[in-house]
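Visitor: I'd like a close look at just one part of this model. Please pick the place where the partners meet, and tell me what sits there and around it.

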Amino acid sequence: VRRGNREAEFTEFVEAASPSLLRAALVLLESREDAEDALQLTLLRTYRRWDRAKEAPAAYARAVLVNACRERWRHRARHPETAGDMDELANVVSFAEAVDRRHVLVKVLRRLPDVQREVLVFRYLLDATVGETAAALGIAEGTVKSAASRGLEQLRMLLSAEEKRGRRVYPR
Amino acid sequence: VSIHADDEFSLRIALEGELDNVLPADGLAGVVIARYRRTRRRRVAGAVTLVVVAAGIGVPLGLAGPSGKPAHPSAPDRAGSVTHSRDGAAPAPGLRAPTGQLITSTTLSPASLVLPAAA
(Lines give C-alpha, C1' and ligand atoms only; values in the text may rest on other atoms or scores of the structure.)
Protein backbone atom coordinates (compact mmCIF):
# COMPACT_ATOMS: atom_id res chain seq x y z
CA VAL A 1 0.00 0.00 0.00
CA ARG A 2 2.85 2.32 0.95
CA ARG A 3 4.62 1.65 -2.33
CA GLY A 4 1.39 2.27 -4.21
CA ASN A 5 0.97 5.62 -2.48
CA ARG A 6 4.56 6.52 -3.21
CA GLU A 7 4.15 5.71 -6.89
CA ALA A 8 0.85 7.58 -7.11
CA GLU A 9 2.32 10.68 -5.47
CA PHE A 10 5.36 10.56 -7.70
CA THR A 11 3.29 10.07 -10.85
CA GLU A 12 1.15 13.05 -9.95
CA PHE A 13 4.25 15.16 -9.38
CA VAL A 14 5.82 14.09 -12.69
CA GLU A 15 2.70 14.96 -14.64
CA ALA A 16 2.57 18.41 -13.08
CA ALA A 17 6.25 19.33 -13.05
CA SER A 18 7.95 17.53 -15.90
CA PRO A 19 6.97 19.94 -18.73
CA SER A 20 8.59 22.95 -17.05
CA LEU A 21 11.60 20.88 -15.97
CA LEU A 22 12.10 19.66 -19.53
CA ARG A 23 11.86 23.20 -20.91
CA ALA A 24 14.38 24.41 -18.35
CA ALA A 25 16.74 21.57 -19.26
CA LEU A 26 16.31 22.40 -22.93
CA VAL A 27 17.42 25.98 -22.33
CA LEU A 28 20.30 24.95 -20.07
CA LEU A 29 21.54 22.22 -22.39
CA GLU A 30 22.04 22.08 -26.09
CA SER A 31 19.61 19.51 -27.35
CA ARG A 32 16.31 17.84 -26.80
CA GLU A 33 18.07 14.49 -26.28
CA ASP A 34 20.34 15.90 -23.58
CA ALA A 35 17.40 17.64 -21.95
CA GLU A 36 15.34 14.45 -21.87
CA ASP A 37 18.27 12.50 -20.42
CA ALA A 38 18.78 15.15 -17.75
CA LEU A 39 15.08 15.15 -16.93
CA GLN A 40 14.94 11.39 -16.57
CA LEU A 41 18.03 11.41 -14.36
CA THR A 42 16.49 14.18 -12.27
CA LEU A 43 13.25 12.29 -11.78
CA LEU A 44 15.10 9.07 -10.98
CA ARG A 45 17.15 10.78 -8.28
CA THR A 46 14.06 12.48 -6.94
CA TYR A 47 12.15 9.19 -6.76
CA ARG A 48 15.09 7.50 -5.06
CA ARG A 49 14.84 10.06 -2.25
CA TRP A 50 11.11 10.52 -2.46
CA ASP A 51 10.52 10.20 1.29
CA ARG A 52 12.62 13.31 1.77
CA ALA A 53 11.81 15.03 -1.52
CA LYS A 54 8.04 14.84 -1.20
CA GLU A 55 8.03 17.65 1.35
CA ALA A 56 8.92 20.07 -1.47
CA PRO A 57 9.33 17.97 -4.61
CA ALA A 58 9.51 20.87 -7.08
CA ALA A 59 12.35 22.58 -5.22
CA TYR A 60 14.15 19.27 -4.78
CA ALA A 61 13.81 18.40 -8.47
CA ARG A 62 14.99 21.86 -9.56
CA ALA A 63 18.17 21.49 -7.50
CA VAL A 64 18.76 18.01 -8.89
CA LEU A 65 18.11 19.22 -12.43
CA VAL A 66 20.73 21.94 -12.31
CA ASN A 67 23.28 19.43 -11.01
CA ALA A 68 22.37 17.00 -13.79
CA CYS A 69 22.87 19.77 -16.36
CA ARG A 70 26.21 20.73 -14.85
CA GLU A 71 27.31 17.10 -14.94
CA ARG A 72 26.45 17.09 -18.63
CA TRP A 73 28.54 20.24 -19.21
CA ARG A 74 31.48 18.71 -17.38
CA HIS A 75 31.13 15.52 -19.36
CA ARG A 76 31.26 17.53 -22.57
CA ALA A 77 34.31 19.43 -21.35
CA ARG A 78 36.08 16.15 -20.59
CA HIS A 79 35.01 14.53 -23.85
CA PRO A 80 35.48 17.14 -26.56
CA GLU A 81 35.26 14.36 -29.15
CA THR A 82 31.49 14.44 -28.64
CA ALA A 83 31.40 18.08 -29.69
CA GLY A 84 30.06 16.87 -33.00
CA ASP A 85 26.73 16.54 -31.23
CA MET A 86 26.71 20.29 -30.72
CA ASP A 87 27.01 20.94 -34.43
CA GLU A 88 24.22 18.51 -35.01
CA LEU A 89 22.14 20.29 -32.41
CA ALA A 90 22.88 23.65 -33.90
CA ASN A 91 21.45 22.26 -37.11
CA VAL A 92 18.37 21.13 -35.23
CA VAL A 93 17.90 24.62 -33.82
CA SER A 94 18.46 26.11 -37.25
CA PHE A 95 15.89 23.73 -38.65
CA ALA A 96 13.43 24.73 -35.95
CA GLU A 97 14.08 28.37 -36.72
CA ALA A 98 13.62 27.72 -40.38
CA VAL A 99 10.30 26.10 -39.66
CA ASP A 100 8.75 28.79 -37.49
CA ARG A 101 11.55 31.00 -36.14
CA ARG A 102 10.36 30.29 -32.66
CA HIS A 103 13.56 29.25 -30.92
CA VAL A 104 15.46 32.49 -31.25
CA LEU A 105 14.94 33.35 -27.60
CA VAL A 106 16.20 29.96 -26.44
CA LYS A 107 19.19 30.27 -28.71
CA VAL A 108 19.98 33.73 -27.37
CA LEU A 109 19.60 32.51 -23.79
CA ARG A 110 22.15 29.81 -24.49
CA ARG A 111 24.67 32.51 -25.37
CA LEU A 112 24.53 33.99 -21.87
CA PRO A 113 27.10 33.04 -19.23
CA ASP A 114 26.13 29.90 -17.31
CA VAL A 115 25.20 31.61 -14.04
CA GLN A 116 23.02 34.24 -15.72
CA ARG A 117 21.31 31.61 -17.82
CA GLU A 118 20.66 29.40 -14.80
CA VAL A 119 19.30 32.29 -12.80
CA LEU A 120 16.98 33.44 -15.60
CA VAL A 121 15.73 29.90 -16.13
CA PHE A 122 15.07 29.41 -12.43
CA ARG A 123 13.44 32.78 -11.92
CA TYR A 124 11.36 33.10 -15.07
CA LEU A 125 10.82 29.59 -16.38
CA LEU A 126 10.65 27.56 -13.19
CA ASP A 127 9.05 30.33 -11.15
CA ALA A 128 11.54 29.93 -8.32
CA THR A 129 11.92 32.70 -5.78
CA VAL A 130 15.24 34.48 -5.23
CA GLY A 131 15.83 32.38 -2.10
CA GLU A 132 14.96 29.12 -3.82
CA THR A 133 17.17 30.00 -6.76
CA ALA A 134 20.07 30.86 -4.47
CA ALA A 135 19.66 27.62 -2.53
CA ALA A 136 19.42 25.46 -5.64
CA LEU A 137 22.38 27.06 -7.40
CA GLY A 138 24.51 27.35 -4.28
CA ILE A 139 25.04 31.11 -4.59
CA ALA A 140 24.12 34.14 -2.50
CA GLU A 141 20.76 35.88 -2.94
CA GLY A 142 22.57 39.08 -3.91
CA THR A 143 24.33 37.16 -6.67
CA VAL A 144 20.97 35.89 -7.91
CA LYS A 145 19.60 39.42 -8.11
CA SER A 146 22.66 40.83 -9.88
CA ALA A 147 22.90 37.86 -12.26
CA ALA A 148 19.21 38.25 -13.13
CA SER A 149 19.65 41.97 -13.77
CA ARG A 150 22.76 41.51 -15.89
CA GLY A 151 21.24 38.54 -17.66
CA LEU A 152 18.15 40.51 -18.63
CA GLU A 153 20.28 43.39 -19.81
CA GLN A 154 22.45 41.07 -21.87
CA LEU A 155 19.37 39.35 -23.24
CA ARG A 156 17.91 42.67 -24.24
CA MET A 157 21.06 43.56 -26.17
CA LEU A 158 21.29 40.19 -27.89
CA LEU A 159 17.61 40.26 -28.83
CA SER A 160 17.98 43.76 -30.25
CA ALA A 161 20.84 42.51 -32.37
CA GLU A 162 18.73 39.59 -33.54
CA GLU A 163 15.91 41.94 -34.46
CA LYS A 164 18.29 44.09 -36.44
CA ARG A 165 19.20 40.96 -38.37
CA GLY A 166 15.56 40.68 -39.32
CA ARG A 167 14.40 38.01 -36.91
CA ARG A 168 11.14 38.63 -35.19
CA VAL A 169 11.82 37.49 -31.67
CA TYR A 170 8.55 37.90 -29.89
CA PRO A 171 4.91 38.14 -30.90
CA ARG A 172 3.52 41.63 -31.34
CA VAL B 1 9.47 41.14 -16.35
CA SER B 2 9.97 43.57 -19.13
CA ILE B 3 12.83 43.04 -21.50
CA HIS B 4 11.98 46.00 -23.69
CA ALA B 5 11.24 49.46 -22.43
CA ASP B 6 7.76 49.43 -23.91
CA ASP B 7 6.72 46.50 -21.73
CA GLU B 8 5.32 44.53 -24.61
CA PHE B 9 7.55 41.63 -23.89
CA SER B 10 7.66 39.32 -20.93
CA LEU B 11 10.46 36.83 -20.69
CA ARG B 12 8.27 34.27 -19.00
CA ILE B 13 5.45 34.55 -21.51
CA ALA B 14 7.87 34.57 -24.41
CA LEU B 15 9.68 31.48 -23.15
CA GLU B 16 6.44 29.66 -22.53
CA GLY B 17 5.29 30.64 -25.98
CA GLU B 18 8.48 29.41 -27.59
CA LEU B 19 8.55 26.16 -25.71
CA ASP B 20 4.88 25.30 -25.55
CA ASN B 21 5.44 22.43 -27.96
CA VAL B 22 8.14 20.94 -25.74
CA LEU B 23 6.45 18.23 -23.74
CA PRO B 24 7.84 15.11 -22.10
CA ALA B 25 6.94 11.68 -23.39
CA ASP B 26 3.79 10.04 -22.10
CA GLY B 27 4.23 7.61 -19.24
CA LEU B 28 7.47 9.20 -18.09
CA ALA B 29 6.75 8.41 -14.44
CA GLY B 30 6.30 4.73 -15.27
CA VAL B 31 9.58 4.69 -17.17
CA VAL B 32 11.39 6.28 -14.23
CA ILE B 33 9.84 3.90 -11.69
CA ALA B 34 10.77 0.88 -13.84
CA ARG B 35 14.33 2.19 -14.20
CA TYR B 36 14.51 2.70 -10.43
CA ARG B 37 13.41 -0.89 -9.77
CA ARG B 38 15.89 -2.26 -12.27
CA THR B 39 18.71 -0.27 -10.65
CA ARG B 40 17.70 -1.36 -7.16
CA ARG B 41 17.58 -5.03 -8.17
CA ARG B 42 21.11 -4.75 -9.54
CA ARG B 43 22.33 -3.06 -6.36
CA VAL B 44 20.80 -5.73 -4.11
CA ALA B 45 22.25 -8.49 -6.30
CA GLY B 46 25.65 -6.79 -6.17
CA ALA B 47 25.55 -6.47 -2.40
CA VAL B 48 24.54 -10.13 -1.95
CA THR B 49 27.32 -11.21 -4.30
CA LEU B 50 29.82 -9.13 -2.36
CA VAL B 51 28.77 -10.73 0.95
CA VAL B 52 28.94 -14.24 -0.51
CA VAL B 53 32.36 -13.64 -2.03
CA ALA B 54 33.69 -12.05 1.16
CA ALA B 55 32.42 -14.94 3.27
CA GLY B 56 33.75 -17.44 0.76
CA ILE B 57 37.22 -15.93 1.01
CA GLY B 58 37.09 -15.18 4.75
CA VAL B 59 36.00 -18.58 6.07
CA PRO B 60 38.89 -20.62 4.60
CA LEU B 61 41.34 -18.02 5.83
CA GLY B 62 39.97 -18.36 9.35
CA LEU B 63 38.96 -14.73 9.47
CA ALA B 64 35.38 -15.64 10.27
CA GLY B 65 33.34 -18.62 11.35
CA PRO B 66 30.94 -20.24 8.95
CA SER B 67 28.06 -18.27 10.43
CA GLY B 68 29.91 -15.05 9.91
CA LYS B 69 30.98 -14.70 13.54
CA PRO B 70 34.65 -14.18 14.26
CA ALA B 71 36.57 -17.25 15.30
CA HIS B 72 37.04 -17.65 19.09
CA PRO B 73 40.53 -16.38 19.93
CA SER B 74 41.22 -19.10 22.56
CA ALA B 75 39.87 -21.96 20.52
CA PRO B 76 42.48 -24.77 20.51
CA ASP B 77 44.13 -25.87 17.35
CA ARG B 78 43.00 -29.35 16.55
CA ALA B 79 45.85 -31.21 14.99
CA GLY B 80 44.20 -34.60 15.03
CA SER B 81 41.69 -36.89 16.67
CA VAL B 82 43.85 -38.23 19.50
CA THR B 83 42.12 -37.96 22.89
CA HIS B 84 44.09 -38.46 26.07
CA SER B 85 42.97 -39.80 29.45
CA ARG B 86 42.98 -37.70 32.61
CA ASP B 87 46.61 -38.41 33.51
CA GLY B 88 47.75 -37.61 30.04
CA ALA B 89 48.38 -41.19 28.98
CA ALA B 90 46.53 -42.88 26.25
CA PRO B 91 44.07 -45.53 27.53
CA ALA B 92 45.58 -48.92 27.81
CA PRO B 93 44.57 -51.29 25.05
CA GLY B 94 41.77 -53.59 26.04
CA LEU B 95 40.61 -51.43 28.94
CA ARG B 96 36.91 -51.78 29.58
CA ALA B 97 34.40 -49.54 31.29
CA PRO B 98 32.19 -50.88 34.11
CA THR B 99 29.47 -51.20 31.59
CA GLY B 100 31.69 -53.55 29.70
CA GLN B 101 32.24 -51.21 26.82
CA LEU B 102 35.72 -51.26 25.32
CA ILE B 103 37.42 -47.93 25.99
CA THR B 104 39.08 -46.40 23.00
CA SER B 105 40.20 -42.90 22.20
CA THR B 106 36.83 -42.19 20.68
CA THR B 107 34.60 -43.52 23.48
CA LEU B 108 36.51 -41.98 26.40
CA SER B 109 34.39 -39.65 28.50
CA PRO B 110 34.49 -38.49 32.15
CA ALA B 111 31.85 -41.07 33.07
CA SER B 112 33.96 -43.85 31.69
CA LEU B 113 37.07 -42.91 33.61
CA VAL B 114 36.46 -45.46 36.32
CA LEU B 115 39.43 -47.68 36.20
CA PRO B 116 39.11 -51.27 37.44
CA ALA B 117 40.75 -52.00 40.76
CA ALA B 118 44.25 -53.24 40.48
CA ALA B 119 44.38 -56.99 40.52
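Guide: What follows is a walk over the interface, then into the parts of the structure around it.

A word on bookkeeping: residues are numbered from 1 along each chain as its sequence is written, while chains are lettered from A and ligands numbered from 1 in the order in which they are written. This is a predicted model, in which local features need pLDDT of at least 70, side-chain atom pairs count only at pLDDT 80 or more, and totals for chains, interfaces and linings use all residues; side-chain values use heavy atoms, with hydrogens and water left out.

Let's begin with the overall meeting of the chains. On the chain A side, 40 residues are in contact with 29 residues of chain B, contact being heavy atoms within 4.5 Å. The size of an interface is often given as the accessible area lost when the parts come together. Here chains A and B bury about 3,400 Å² between them, with 63% of it on carbon and sulfur atoms; buried area is the accessible area (1.4 Å probe) that two parts lose on being put together, summed over both.

Now for the polar side of things. Nine residue pairs, both partners at pLDDT 80 or more, are in polar contact across the interface (a pair of N or O atoms within 3.5 Å; within protein, one must be able to donate a hydrogen and the other to accept it, and residues adjacent in sequence count only if both atoms are side-chain atoms). On the chain A side, helix 1 (2–28), helix 2 (32–48), helix 6 (104–109), helix 7 (114–125) and helix 9 (141–164) each supply at least two residues that touch chain B. Helices (H or I, at least four residues) and strands (E, at least two) are DSSP runs, numbered from the N terminus. Helix 1 of chain A gives the most, with twelve residues. By type, the chain A side splits into 23 nonpolar, five polar and twelve charged residues; Ala, Val, Leu, Ile, Met, Phe, Trp, Tyr, Cys and Pro count as nonpolar, Asp, Glu, Lys and Arg as charged, and the others, Gly among them, as polar.

There are two salt bridges between chain A and chain B, each being a side-chain nitrogen of Lys or Arg within 4 Å of a carboxyl oxygen of Asp or Glu. In one of them, B:Arg12 and A:Asp127 meet at 2.8 Å, N to O. A:Asp127 sits in the loop between helix 7 and helix 8 of chain A. With a relative accessible area of 46%, A:Asp127 is partly exposed (buried means under 20% relative accessible area, exposed over 50%, partly exposed in between; 1.4 Å probe, protein chains only). Most residues other than glycine have a negative phi, and most peptide bonds are trans. A:Asp127, though, has a positive phi of about 60° without being a glycine.

A:Phe10, A:Phe13, A:Tyr47, A:Trp50 and B:Tyr36 make up one aromatic cluster. Over all chains, the whole structure has four aromatic pairs: rings of Phe, Tyr and Trp (its six-membered ring) pair if their centres lie within 6.5 Å, and planes under 30 degrees apart count as stacked, over 60 as edge-to-face and the rest as tilted. A:Phe10 and A:Tyr47 form a tilted pair, 4.6 Å centre to centre with 50° between the planes. That pair links distant parts of the chain, with A:Phe10 in helix 1 and A:Tyr47 in helix 2 of chain A, 37 residues apart. A:Phe10 is buried at 0% relative accessible area, and A:Tyr47 is buried at 2%. A:Phe13 and A:Trp50 are also tilted, at 5.8 Å centre to centre and 45° between the planes. This pair joins helix 1 to helix 3 (residues 50–53) of chain A. A:Phe13 counts as buried at 9% relative accessibility, as does A:Trp50 at 3%.

Back to helix 7 of chain A, which holds A:Glu118. This glutamate counts as buried because its relative accessibility is 2%. Leaving aside residues up to four places away in sequence, A:Glu118 touches A:Leu28, A:Val66, A:Arg70, A:Trp73 and A:Leu137. A:Leu137 is one of the buried residues of helix 8 (residues 130–137) of chain A. What covers those buried residues includes helix 4 (57–78), helix 7 and helix 9 of chain A.
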